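Open the model in your viewer and keep the selection panel at hand.

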Amino acid sequence: MPRVKARLREVQEVLGESDYVIAQFYYLKQSNRAARSRFQEIADHYPDFSQADSALWYLGQTLERLKTPKQAAVYYSQLITDFPLSPKADAAKERLAALHEPIPHPTRAMIARAQADETHRAHLDLIGKAGGMLSSSPNVSATRHGPVRLGANPNAVEVAKTPAPGTGGNTIAVEPVSDSSLNSAKAVEPKPQGQDPSAKSAPTPQESDKSSQAQNSSSKSGSTPRPMCRRQPRKRADSIS
């Protein structure tokens, strides 16, 4: 279990770092809606990310830019309760006071965890960061410790959408049909490869039904169908030498 929890923290660190870099780019470019979506993803799905406190702060700032101060106050409060020793905590308190929102108080457990993270981070400032810059693998030196939080919706599964018709590609559409539609359809006999085009093709199901109906009607009337014989042409005598 300790190894699995450590791997979960590292996964959140890598994914959170990717979203954070993109969110910072959108934030500096004043693309507020795009920045909000990235910061929101970090807050909802990667709570153990080492810079989750900064993501909460910038999320609140972005929401204030979008004229939604009530939503921004929610993330300012979360920053104070979950990261009480963060450098952004005092600024979050000032924003809550400016928005006339109550300022929450962190629990003792969250304060103890924040102290443990600060101790671990200070130890890695001298060794871990220098080694992480020279390594080709993702840098997880700042991964948080303590309980693992999986976010708001850890069991979400992405499902492939059905492609729209006519979009190209090798797409096969399957549709259930009834027996009546199968009976009314016309059967097509595929021609085998290498067949002589002058050869007589096999009768279709409609021709077979007509011939069988004709035989049934003749048997009911009591008359026997006469066999058809082809007359051979008579050879002329002058053509024989």
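Relative accessible area sorts residues into buried (under 20%), exposed (over 50%) and partly exposed (in between), using a 1.4 Å probe and protein chains only. The model is predicted, so local features need pLDDT of at least 70 and side-chain atom pairs count only at pLDDT 80 or more, while totals for chains, interfaces and linings use all residues. Residues are numbered from 1 along each chain as its sequence is written, and side-chain values use heavy atoms, with hydrogens and water left out.

Select glutamine 51, in the loop between α2 and α3; helices here are DSSP runs of H or I with at least four residues, numbered from the N terminus. Glutamine 51 counts as partly exposed because its relative accessibility is 27%.

Next, pick serine 86: its C-alpha atom is 9.6 Å from that of glutamine 51, 35 residues away along the chain.

Now select Ile42, Ala43, Tyr46, Pro47, Ala52, Ala55, Leu56, Gln78, Asp82, Phe83 and Arg149, the lining of the second largest cavity. A cavity is a set of points on a 1 Å grid over the protein atoms alone where a 1.4 Å probe fits but cannot get out, and lining residues have an atom within 4 Å of a point. α2 (32–45), α3 (52–65) and α4 (69–82) each give two or more residues to this lining, with the largest share, 3 residues, from α3.

Key
On a 1 Å grid over the protein atoms alone, a cavity is a set of points where a 1.4 Å probe fits but cannot get out, and a pocket is an open set with protein on both sides within 12 Å along at least five of seven lines; lining residues have an atom within 4 Å of a point.
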